[in-house]
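Subject: Model for your review

Dear colleague,

Please find the model below, followed by notes on what turned up in it. I would be glad if you read the notes with the structure open beside them.

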Amino acid sequence: MTDLSAAVDAFVLEAREQLEGLEEMLLDLETGTDRERVDAIFRVLHTVKGSGSMFGFGVLARFTHHFEDAFDGVREGRLEIDARLIDVSLRARDHMTALLDCGGDSPEAARLEASEEAAHLLATLASIVGGHAQSPTLGNAPVVMQLSAREQMMRRWSIRFHPDATALRNGMRPDLLMAEIAALGQAEFRLDASDLPPLTELDPERSYLAWEITLTTSQTRDAIEAIFLFADDAALDITELVSPNGPTIGPVAAAGPPGNVSQLPQPRAPQTAPTGSSESVRVPAGKLDDIMDQLGELVIAQARLYQIAAASQNPDLEAVVEEVERLVTGLRDATLSVRMLPIESVFGKFRRVVRDLSQELGKEVMLAVEGGETELDKNVIDRLSEPLVHMIRNSMDHGLEDAASRLAAGKPARGKVTLSARQEGGEVLIAIEDDGAGLNTEAIRARAVERGLLPADAPQSASEIHQLIFAPGFSTASALSSVSGRGVGMDAVRSAVEGLRGQTEIATLPGRGTRVTLRLPVTLAIIDGFLVRLGTSAFVIPLAAVEECVEFEEAERHRESGRSMLQIREHLVPFLDLDDVFGRPASTEARRRVVIVKADGQRLGLVVDDILGQNQTVIKTLSIYHRNIAGLAGATILGDGAVALIIDVVTLARRARIAHRQSA
Amino acid sequence: MQIVNQITQKPGTAEPEMMLIFRLSGNVFALPVGEVHEILDPMPTTSVPNAPAFAPALINVRGAIAPLIDIRQRLRMPTVPADDHARIIVLELPVNGVATRLAILADAVEEVIETDRAALKPVPELGARWPEQYVIGVARYGDTLVILLDTDTLFRPDAGPSIQA
């Protein structure tokens, strides 16, 4: 039934988010603990367990039950949080994620349930739960939970639960919910069937029933609400019953004669808001991509319309077209902003990476994160995760020294990796910085020569040598550690970044550390373009890179250290004739122009035949046949339907520098 | 006109297959219809600077940008000036495992016929005229020989400059 599968999908989605949050919460325990954090963890486990069994994830529910037991022990003050518990919890969380990925009680889930990892985790959990009961000081880094006497006291609750009419159709299982309630303490259930219609009007798929529950438990309201988390369409009312003698222990008599339920509070559930806020909407990323594609088409159609209107000389039409253009621009900006996510979402993952790796490498490492609120297009963020993980691994494995060397060098034993992001113009700069030993220029040179990447006597500068770590097949580690031997090198990082139309930069100071900076465009989809003409062809230069345009005066040409320079006011600027760059016959046009762009930190003049104006450029990637041509960043469709190539100014700037060096 | 299934040499399935027949530089070629996306009238192209001669330009196929492939480069054929019959054949097929839309030029598109690969004659019969790796075989089409192109190899991009190990 599609309704049911939609409910299962919703469960998987929510559970996945909860498990992601759980990882954060568990890592937070390392920095200190309080009642709230422990409760939050327990709630997640409890919810996943309960809803898991409701939606056909029995293996997951069974496993989570044991995990939950441990945190129940913590809540009740029987267990302490120590490094061992956090370790096993993180791994148990990973196991839960794996079970969730099985999509229910599949053969794969059964295999995982029978796996060694599962057995090991359960044994460890059991030894923690059982072990602590006898010897509460077993932990090696204990953070003792103090629970006040009041929190351990029993309280009585009256719960009225009235499922939505469609709940059964959507796969809700009241019996399981009731079983969970019963597990919390002493519960008494009464069925309210007063809504049940005469048999002739009965719709067997509809839910007409409600339950009245009196529960005596040491659990909090949150724990009770958590059980009903996925039954968020239901009317739910939870009230604490305060007896004149204060909190009591033990079963309590029913509040009224069965059947006489009309006196009980009317069902309404104001305090049990579902997890999502009504101010945000969850949308599959694919739909955003569709909108973006449509918008791209719209921008192109709008450009065509503009051309037709301009040719028509009809002022009314032109006015409407201008209005449409304004609206399309607004729509473009709004759509792009919807796709923007704070980079935090990917930075968050790295806490775990750093933690696991510092154990694996035996290096104590602190991760500092700055600028997590910086926003980037979702597609860029998704494709950044892998390269960033690799760079962090690299920093920790190769960059940071071991504690002894650090102390000998007068640095703190604990290494530091800083991950930062900030926006600068149309670019986002992401930097990974370590306070390690810095790049060993001579070791890199030797390795590059050995690998045939560099002639033995090449007079390369230190910064050029450092660039070689991005060359394919390069590795400075003398032995492949399990950390760096994962199949990606820095060349993969660079190509991933270039695939996002970004650049990589590296800076290093001997003994002080290394910083790799990724410069990425804020968005991949639509940019403002600057249209230029060469012969009869149009090309697009990204407007963000354009500084100014001047007439090309042959007389202003200068030669300086073998390079063609243009006198632009008081400065000399190197320039390239795009006819030369693109292997075109030299232009014979009398009046040509120079577009001054800024790229890769330098100014560069690009000589063109003419300037055609600005447009919104929908970037289409080039096919495999053209992807590797230097100087081209993609292609786009103009208003008249013609295809125009987009110029990659960064590559041209590099090329100009290399040409300079070779002629010098 | 019909294919005469007279020679059976290359082992293959007996399944009849639909083939698109087109002319280019005085020769007749066939491509599997399943890979043909559409056939368009000639349109302006945008040449790509520094591109391989095999993939010299881009065209706009209703809002999508497709590379224009000149198969004459691989089949070692001269360029003959196009006339009114010239067409652009748009294909959709995997290139290096990625579904790719690309276009080729044809001097004329003839028709779609049914044949089966089992009826194909292997290439060596014709001598060394056709680079063997791009051709599956030949069949008779009326009085002429039809060359069935191997789209797996024909559209494979040139191997990039090999990285020094």
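Helices (H or I, at least four residues) and strands (E, at least two) are DSSP runs, numbered from the N terminus, while axes are lines fitted to C-alpha atoms, for helices over the stretch in contact, with angles running from 0 to 180 degrees between N-to-C directions. This is a predicted model, in which local features need pLDDT of at least 70 and side-chain atom pairs count only at pLDDT 80 or more, whereas totals for chains, interfaces and linings use all residues. Residues are numbered from 1 along each chain as its sequence is written, and chains are lettered from A and ligands numbered from 1 in the order in which they are written.

In chain A, helix 2 (residues 35-54) packs against helix 3 (residues 58-75) at an angle of about 155°, their axes lying 8 Å apart. Helix 2 of chain A is therefore roughly antiparallel to helix 3 of chain A, a term used for angles over 145 degrees. Residues count as in contact if their C-beta atoms, placed from the backbone, lie within 7 Å; those joining the two helices include A:F42 and A:L45 of helix 2 of chain A and A:F67 and A:F71 of helix 3 of chain A.

Chain A also holds an open sheet of five strands in the order 20-12-13-22-21, with mixed pairing, where two strands pair if DSSP finds at least two bridges between them. Strand 20 (610-618) and strand 21 (632-637) of chain A stand at the edges with a single partner strand each, so one side of each has no neighbour in the sheet. From one strand to the next, the twist averages 35°. Strand 12 (residues 526-534) of chain A pairs with strand 20 of chain A in the antiparallel sense over eight bridges, and A:I526 stands opposite A:V618 in strand 20 of chain A. Helix 9 (residues 285-312) of chain A lies across strand 12, strand 20 and strand 21 of chain A, running at about 145° to strand 20 of chain A.

Turning to the interface, 24 residues of chain B are in contact with 23 residues of chain A. Strand 6 (57-61), strand 7 (64-69) and strand 9 (98-106) of chain B each supply at least two residues of the side that touches chain A. Chain B itself has two helices and 12 strands, and of its 165 residues 30% count as buried, meaning that 20 or more other C-beta atoms, placed from the backbone, lie within 10 Å of the residue's own.

Conventions:
Angles under 35 degrees count as roughly parallel, over 145 as roughly antiparallel, 65 to 115 as roughly perpendicular and the rest as oblique. A residue is buried if 20 or more other C-beta atoms lie within 10 Å of its own, exposed if 12 or fewer, and partly exposed in between; C-beta atoms are placed from the backbone.
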